[in-house]
Amino acid sequence: MTTQKPSRRDTILQALVELLQNDPGARITTAGLAKTVGVTEAALYRHFPSKRKMFEALIEFAEEAVFSRCQVVLQEQEDVRVRLQQLVHLVLVFAERNPGLCCVLTGDALMGEDETLRKRASQFFERLETQFRQTLKEGEIRQSLRPRTSAARGADFVMVFLEGRIQRFVRSSFSRLPSADFDEAWSLVSEAVWG
């Protein structure tokens, strides 16, 4: 059986993620990336017209990976409390397994890049917040679960927990795992949301 060799495009993106993971906070140049991949800058530009397009491809990968799995949770889990817990845990585990992507999603790797790229990355979290808000509203309708506050504020609180964990992971150079002690932390979040 032969294993399929990754495309040059995927190799470039993987190298970019590894650079972000191995040297968080460092500015990534196309010259440095080309050297890491073992190609010329011109070869990079044959696959990506700009560094911005590389970052956009990483954001799109994160969205596809996370939101396709979110759909599975939404289809399989009826209890809204468990559903929300699994959604948050899914995102934290994804972050833990993809530290270089966390630098992009939190905007750390995008300092000095085009502002529209930072806005594009923030859409990932906005989309998550919308999903959490919808989940909380479903709990009110289907299970008569009454949050301590509005669904919007409850979703905001969950996002603060989630983003805080991911930001701490990046800030600690990936030593403080986002899913560490999740069950205990989630019980506190859940109590704050529903009482």
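Analyst: Let us begin with burial. A residue is called buried when its relative accessible area is under 20%, exposed when over 50%, and partly exposed in between (1.4 Å probe, protein chains only). In this structure cysteine 70 has 1% relative accessibility and therefore counts as buried. Please note that this is a predicted model: local features need pLDDT of at least 70, side-chain atom pairs count only at pLDDT 80 or more, and totals for chains, interfaces and linings use all residues. Residues are numbered from 1 along each chain as its sequence is written, and side-chain values use heavy atoms, with hydrogens and water left out.

User: How many disulfides does the structure hold?

Analyst: A disulfide is a pair of cysteine sulfur atoms within 2.5 Å. The structure holds 0 of them. The sulfur of cysteine 70 lies 15 Å from the closest cysteine sulfur, that of cysteine 102, and this is too far for a bond. Cysteine 103 is likewise in no disulfide, as the nearest cysteine sulfur, in cysteine 102, is 7.0 Å away. With 3% relative accessibility, cysteine 103 counts as buried.

User: How many helices and strands does the chain have?

Analyst: Helices (H or I, at least four residues) and strands (E, at least two) are DSSP runs, numbered from the N terminus. This chain has 9 helices and 0 strands. Its C-alpha atoms fill a box of roughly 60 × 40 × 30 Å, taken along the principal axes. Of its 195 residues, 46% count as buried.

User: Which residues of H1 are buried, and what covers them?

Analyst: The buried residues of H1 are Ile12, Leu13, Ala15, Leu16, Val17 and Leu20. Their cover is judged by contact, which means heavy atoms within 4.5 Å. It includes helix H2 (30-37), helix H3 (41-47), H4 and helix H6 (99-105). Over the whole chain, residues 24 or more positions apart account for 70% of the contacts with a separation of 6 or more.

User: Which residues touch the most other members of the largest nonpolar core?

Analyst: A nonpolar core is a set of buried Ala, Val, Leu, Ile, Met, Phe, Trp, Tyr and Cys residues joined through side-chain atoms within 4.5 Å. The largest one here has 66 residues, and Leu20, Phe55, Leu58, Val88, Leu128, Phe132 and Leu162 touch the most other members. H4 gives the largest share of this core, 12 residues. Leaving aside neighbours within four places in sequence, phenylalanine 55 is in contact with Leu16, Leu20, Val104, Ala109, Leu110, Glu113 and Leu117.

User: Where is arginine 120, and with which side chain does its own side chain make a polar contact?

Analyst: A polar contact is a pair of N or O atoms within 3.5 Å; within protein, one must be able to donate a hydrogen and the other to accept it, and residues adjacent in sequence count only if both atoms are side-chain atoms. Arginine 120 lies in helix H7 (residues 115-143) and is buried, with a relative accessible area of 19%. Its side chain makes a polar contact of 2.8 Å with the side chain of glutamate 63. Not counting residues up to four places away in sequence, arginine 120 touches Ile59, Glu60 and Glu63.

User: Is aspartate 181 buried or exposed?

Analyst: Aspartate 181 counts as exposed, at 59% relative accessibility. It is found in the loop between helix H8 (151-171) and helix H9 (182-194). By contrast, valine 72, in helix H4 (residues 51-76), is partly exposed, with a relative accessible area of 39%.

User: Which residues does the UniProt annotation "DNA-binding region" cover?

Analyst: UniProt positions are given in the numbering used here, feature names are shortened, and annotations may be inferred rather than shown by experiment. The unreviewed entry places "DNA-binding region" at residues 29-48. Over residues 29-48 the chain is 75% helix and 0% strand, with end C-alpha atoms 14 Å apart. UniProt (unreviewed entry) also places "domain: HTH tetR-type" at residues 6-66.
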